[in-house]
Amino acid sequence: MSRILFLGLGAALMFFGDPNAGKKRRTDVANRFGSARRKLEHGRDVIVRDATNRAHGLIAETRSALETRGNTLLQGPSFGEVAHGVLNSWRRSRWSPAQRALAGAFGAGMATYGYFRGGLRGFAMCAAGGSLLARATTNEEISSLVKGGIHVEHSVVVDSPLEQVYAYWRNLENLPQWMSHVREVRYLGGDHYHWVVDGPAGSPVEWDSELLNVVENQEMTWHSLPGSRVEHSGRVRFDTMGEGTRVHVQLRYYPPAGVIGHAVAKAFGVDPRTELDDDLARMKSAVETGHPPHDAAANRYAGDPGATTRH
């Protein structure tokens with residue numbers, strides 16, 4: 001264990017102490033920690049506020065039920081109706097922040113206990129806890145995650161002519177210029193491209209895709225090739241909106257390791273559902289001004305020879 005520890009420390013010193021790329025790597029890690037801290041603080045405030053509001057609402061309903069039980073002339077909810085309402089809130093496809101925090105903590109505790117307990121019962125508890133943690137983290141029903149993967153859809157209006165916006169998108173190698181998690185899209189010839197994106201803990205994930213269903217100035221789609229590490233597909237539609245262009249983006253992907261993989265990825269801040277809005281805002285700015293944003297992945301990994309790996 002000591003050898004492994006010193007080996008890891010040495011590798012970290014070499015990685016962050018590199019005379020060419022070390023400063024950029026240290027700055028990137030500091031920025032990531034700062035962003036994670038701000039997200040945690042914001043998440044904490046949202047959870048506390050939601051839990052407080054729900055607690056006040058439950059107390060008010062319970063008080064009303066008690067008053068109704070003591071006075072038949074009053075009209076209000078019964079204890080059964082209050083309990084039924086609480087139960088229905090957990091049956092919804094989308095949970096509140098407080099529900100997600102509670103379910104995630106319970107799932108993590110169950111998975112940890114099951115892991116150390118061992119045996120068949122421990123395995124079952126670990127699996128159940130992990131599924132509950134994934135459900136709370138992604139805020140998606142487990143059945144939809146298993147069957148349909150992760151689906152993201154959003155639109156934005158760009159104040160530029162349709163032909164200009166379409167031409168920018170038609171070259172997929174422009175994606176790293178505005179997407180925060182796409183490090184590289186490299187043209188391989190024909191309709192094939194090689195993707196390198198951020199994975200859990202910032203490690204790169206790669207696959208090859210094929211561009212298809214290209215209709216000039218109208219739409220384009222792509223999907224990962226069979227056997228790729230990540231099953232991914234995307235579709236973009238372009239419509240004229242006055243003097244601008246409406247861009248409608250649909251993305252679907254099946255993360256490595258399935259639902260649990262997506263939960264882990266989101267825990268490290270790599271989640272298309274939460275990042276697509278910001279990415280499209282960067283794209284809008286890049287097309288309208290002609291200058292790529294400074295916080296895109298292409299700038300973050302520029303000049304870092306260890307940022308991506310090759311197959």
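## Strand β7 and its partners

In this predicted model, strand β6 (residues 231-241) pairs with β7 in the antiparallel sense over 11 bridges, where strands are DSSP runs of E with at least two residues, numbered from the N terminus, and two strands pair if DSSP finds at least two bridges between them. The two strands β6 and β7 form a hairpin with 2 residues between them, and Gly242 in that turn has a positive phi of about 65 degrees.

Strand β7 (residues 244-254) is also paired in the antiparallel sense with strand β1 (residues 150-158), over 9 bridges. Thr245 in β7 stands opposite Thr240 and also opposite Val158. Of the 11 residues in β7, 8 are buried, leaving the strand mostly covered; buried means under 20% relative accessible area, with a 1.4 Å probe and protein chains only.

## The whole protein

The protein has 10 helices and 7 strands, helices being DSSP runs of H or I with at least four residues. Buried residues make up 35% of its 311 residues. Among contacts (heavy atoms within 4.5 Å) with a separation of 6 or more, 51% are accounted for by residues 24 or more positions apart.

## Basis of the values

Residues are numbered from 1 along each chain as its sequence is written, and side-chain values use heavy atoms, with hydrogens and water left out. Because the model is predicted, local features need pLDDT of at least 70 and side-chain atom pairs count only at pLDDT 80 or more, whereas totals for chains, interfaces and linings use all residues.

Conventions:
Buried means under 20% relative accessible area, exposed over 50%, partly exposed in between (1.4 Å probe, protein chains only).
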